2 protein chains.
Amino acid sequence: MDRLETRELAYFLAVAEELHFGRAAIRLGIAQPALSKTVRQLERRLGVTLFERTSRAVALTEAGRVLAREAGVALAAMSAAALRTQRAGTRDPRLLLAMKPGGDAGLLPAILAAYDREPQALPVEVVFGAAPSRMLREGQADAALLHAPPDELAGLDTETLLTEAPVAVLPVSHPLAHRASLRMADLAGENLHRKPADPGAMKPLSELMHLIALGRTVAVLPRVLTRPLRDDLITVPMTDLPPVALLLAWPAHSTSRPVAALARAAAAAISGS
Amino acid sequence: MDRLETRELAYFLAVAEELHFGRAAIRLGIAQPALSKTVRQLERRLGVTLFERTSRAVALTEAGRVLAREAGVALAAMSAAALRTQRAGTRDPRLLLAMKPGGDAGLLPAILAAYDREPQALPVEVVFGAAPSRMLREGQADAALLHAPPDELAGLDTETLLTEAPVAVLPVSHPLAHRASLRMADLAGENLHRKPADPGAMKPLSELMHLIALGRTVAVLPRVLTRPLRDDLITVPMTDLPPVALLLAWPAHSTSRPVAALARAAAAAISGS
DNA sequence: CCGGTCCATTCCTCCAGGTTACCGATCGCA
DNA sequence: TGCGATCGGTAACCTGGAGGAATGGACCGG
């Protein structure tokens, strides 16, 4: 078995996502026959069929689904290798900290202040993005502040900064607004805001808050994300949902001392506040 | 920045390990100029120098050290992608469980028996190797039984099966042999057996036990590794060492239901015994 | 039955990864 | 000091294969 090439995996992944050789070829900036040939060659080398093709439709086989997942991991690791090496080569050492806008629960200043007191502290550059965990895996960041949906944590080491029960966000005029606590069943009749599957399609928080104030929807969120809270909204703790954690995360194989120092500082800053 | 190719990373890694272009080229089965050219091109593409070369010696730069680590992770992921896809494509579904010989603490039969009672159980094939965690990362196994040196656990999910204090292994005739417990300080004067840095150089356990019986050395090991124990040896719990864990591990991004079932079964088998 | 869609095949071009041969720098050694 | 050995880089050439354009062939809707 000869070694897999990144080009082959990238081509395969494009087809796996588009399920259409023509569109995938356009996305890759090549002609369709070259793409067909490369994918066929990949199948021959692996000794496995990756797609069920008819002249009308393309579908992944079971093996194709496995490769789609593994190829994503592998290409992210390749990308991370390049970016981390370039950053290590420049004489401008800094620590890239990724987070969603507003995702720090207002704790960032305390964390950064504590980190600055560490002996080997580097300048910290905060980079915002919709998917901080992906930025970690692709080497676009050294550490990230994120909330813990366990499915996004594969391959990352984490330090839990705080955990708390989620809260319902309601208009002050809402019938449930002044209850001391709520259960999911209490919200059964409400138009509960659902997080979209595609992180890119996620609404900005300010927009969501506006919709809630208008009575168009209600939401259940980690409490930290709701601060500061608009005057016309109120939050009520949920009692039957698992607590949500705010985490500091970094690549599992990281040996970076600055990252370790940041984790130390963040834990100290939180517990001390 | 164009995308990194696996060939470039493999070539770079060979030079990084040999620190010698000629030997690395032989290992790769190519001529030395091709290797020099490719590494130079890699440096140009990354915009970073990876090696300090003189006409007499080759050394890694800081960026080179970063890439050496990252390249290893990335290539392991590529290899895993190929192997897992091939296994998914064959119509012979089985679960590959990696472990060191004797590393199961005698728990394997109970675990396998419990797993067989799971609804979607697959045939389990046990594969032995010196570095089970590496076999996981490279896709040569679906799950592994291993003891927890935390540095080997990067990128893996784990289920702790049992934890226990390490024990000292002594000849029955040893002055300390009949103490109820020991501290590391008690062993200060002994010729304590050290685990070699290279896992390949590790002695077989039976050999180590023989040396202990002869009075040539003493060892501190997880208790499970000492069973069954020779008549002429005795084990004494250590009180000032962190407990050692026996873990079931699998790749962090695995979504395999059989692996999940194995984790469930293993946990149940241990807690029930 | 015809036109449109979509993947595969064929044939050609050209680049990049490989080879051999040679060069320049550096060290050990007489 | 000068000779030979070691080692990485450079030059010139060759070739496999990645990519493009044109075409084929299967399948669908109308």
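**Notes on the DNA surface and the chain interface**

1. In this predicted model, a polar backbone atom of Ala31(A) is 2.6 Å from a phosphate oxygen of DNA strand D.

2. Of the atoms of DNA strand D within 4 Å of the protein, 72% belong to sugar or phosphate, and the rest belong to bases. The surface near the strand (a residue is near if one of its heavy atoms lies within 4 Å) draws most on helix 3 of chain A, which gives five residues; helices are DSSP runs of H or I with at least four residues, numbered from the N terminus.

3. Turning to the protein interface, 37 residues of chain A and 37 residues of chain B are in contact, that is, have heavy atoms within 4.5 Å. The rule finds two salt bridges across it (side-chain nitrogen of Lys or Arg within 4 Å of a carboxyl oxygen of Asp or Glu), and one joins Arg84(A) and Glu70(B) at 3.7 Å, N to O.

4. On sources: residues are numbered from 1 along each chain as its sequence is written, and chains are lettered from A and ligands numbered from 1 in the order in which they are written. Local features need pLDDT of at least 70 and side-chain atom pairs count only at pLDDT 80 or more, while totals for chains, interfaces and linings use all residues, and side-chain values use heavy atoms, leaving out hydrogens and water.

Conventions: Polar contact = N/O pair within 3.5 Å; in protein donor to acceptor, adjacent residues only side chain to side chain. Helix = DSSP H or I, 4+ residues; strand = E, 2+ residues; numbered from the N terminus.
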